[in-house]
Amino acid sequence: MTIRIGDVAPDFTAGTTEGRIRFHDWIGDAWAILFSHPKDFTPVCTTELGAVARLKPEFERRGVKVIGLSVDGVTDHRSWSKDIEETQGVKLNFPLLADPDRVVSDKYDMIHPNADDTLTVRSVFVIDDKKKVRLTLTYPASTGRNFDELLRVLDSLKLTSEHQVATPVNWKHGEDVIIVPAVTQEQASARYPKGWREEKPYLRYVPDPTK
Ligand code: BEZ
């Protein structure tokens, strides 16, 4: 099943390193990032999980829960977490889903058989507080993801949700944002009484409203 932006994230019940969860209940009123990694006890995955554990306070600050997944079982996850702590200098501080029967991987189309017919690729799903998918990413097994980029994306998505603005290329928190085309000039005048920088009628910048 292909999951697209705007779809409701499929719900499921599965075991994790922190006990059994029903996914939608686990998300609750927060946002969530569900990401797959191909296999326990593999090098790139080890570095990724260390990076996510280090960034956990940044995800929390943005109201976002993180959860990993691979087709391994909870026993392997727990055993591997010791290696993660030893090599990455940080304790695994978020749950890892066990998916030995590939139920969740199949629901989320995380196995791409022409790449590998048993292991998951590196999928990412950002899910909002209404359980809607807001971003999907797919990386191959050989390329570790940039989780700082996910923080940047979260800042952009939250701005869009809360302030009806979009963010330009390479935008970072605090930089000018773009008034979305759906906002008319009249609506923009009411919303931004101090005005905006207009390079074209469709290219209108205002300061980051959260700055
Ligand atoms: C890794 O995490 O290093 C990895 C996992 C599966 C295939 C290739 C690399």
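In the predicted model, the ligand is surrounded by Pro38, Thr42, Pro43, Val44, Cys45, Arg122 and Ala141, where a residue is counted as near if one of its heavy atoms lies within 4 Å of the molecule. By class, this shell comprises 5 nonpolar, 1 polar and 1 charged residues; Ala, Val, Leu, Ile, Met, Phe, Trp, Tyr, Cys and Pro are classed as nonpolar, Asp, Glu, Lys and Arg as charged, and the others, Gly among them, as polar. Helix H2 (residues 43-61) gives the most to the shell, with 3 residues. Helices (H or I, at least four residues) and strands (E, at least two) are DSSP runs numbered from the N terminus. Residues are numbered from 1 along each chain as its sequence is written. Because the model is predicted, local features require pLDDT of at least 70 and side-chain atom pairs count only at pLDDT 80 or more, whereas totals for chains, interfaces and linings use all residues; side-chain values use heavy atoms, with hydrogens and water left out.

Polar contacts are pairs of N or O atoms within 3.5 Å; within protein, one atom must be able to donate a hydrogen and the other to accept it, and residues adjacent in sequence count only if both atoms are side-chain atoms. A backbone N or O atom of valine 44 lies 2.7 Å from an oxygen atom of the ligand, and a polar backbone atom of cysteine 45 is 2.8 Å from a ligand oxygen atom. Arginine 122 contributes a polar side-chain atom at 3.0 Å from an oxygen atom of the ligand. Of the 260 Å² of accessible area that the ligand has on its own, the protein covers 75% (Shrake-Rupley method, 1.4 Å probe; for residues, only the protein chains shown count as cover).

Arginine 122 is found in strand S6 and is buried, with a relative accessible area of 2%; buried denotes under 20%, exposed over 50%, and partly exposed the range in between (1.4 Å probe, protein chains only). Its side chain is joined to that of glutamate 48 by a polar contact of 2.9 Å, and the arginine 122 side chain also reaches the backbone oxygen of threonine 143 at 3.4 Å. Strand S6 (residues 122-127) pairs with strand S7 (residues 133-139) in the antiparallel sense over 6 bridges, pairing being assigned if DSSP finds at least two bridges between two strands. The two strands form a hairpin with 5 residues between them, and lysine 131 in the turn has a positive phi of about 70°. Isoleucine 127 stands opposite valine 133 in S7.

A further open sheet of 4 strands has the order S8-S9-S11-S10, with antiparallel pairing. Its edge strands are S8 (165-166) and S10 (197-200), each of which pairs on one side only.

Threonine 17 is located in the loop between strand S1 (13-14) and strand S2 (21-22) and counts as buried at 15% relative accessibility. The threonine 17 side chain reaches the backbone nitrogen of leucine 96 at 2.9 Å. Contacts of threonine 17 (heavy atoms within 4.5 Å), not counting residues up to four places away in sequence, are Val74, His77, Arg78, Phe94, Pro95 and Leu96.

Lysine 65, in strand S4 (residues 64-70), is partly exposed, with a relative accessible area of 32%. A polar atom of the lysine 65 side chain lies 2.4 Å from the backbone oxygen of tryptophan 26.
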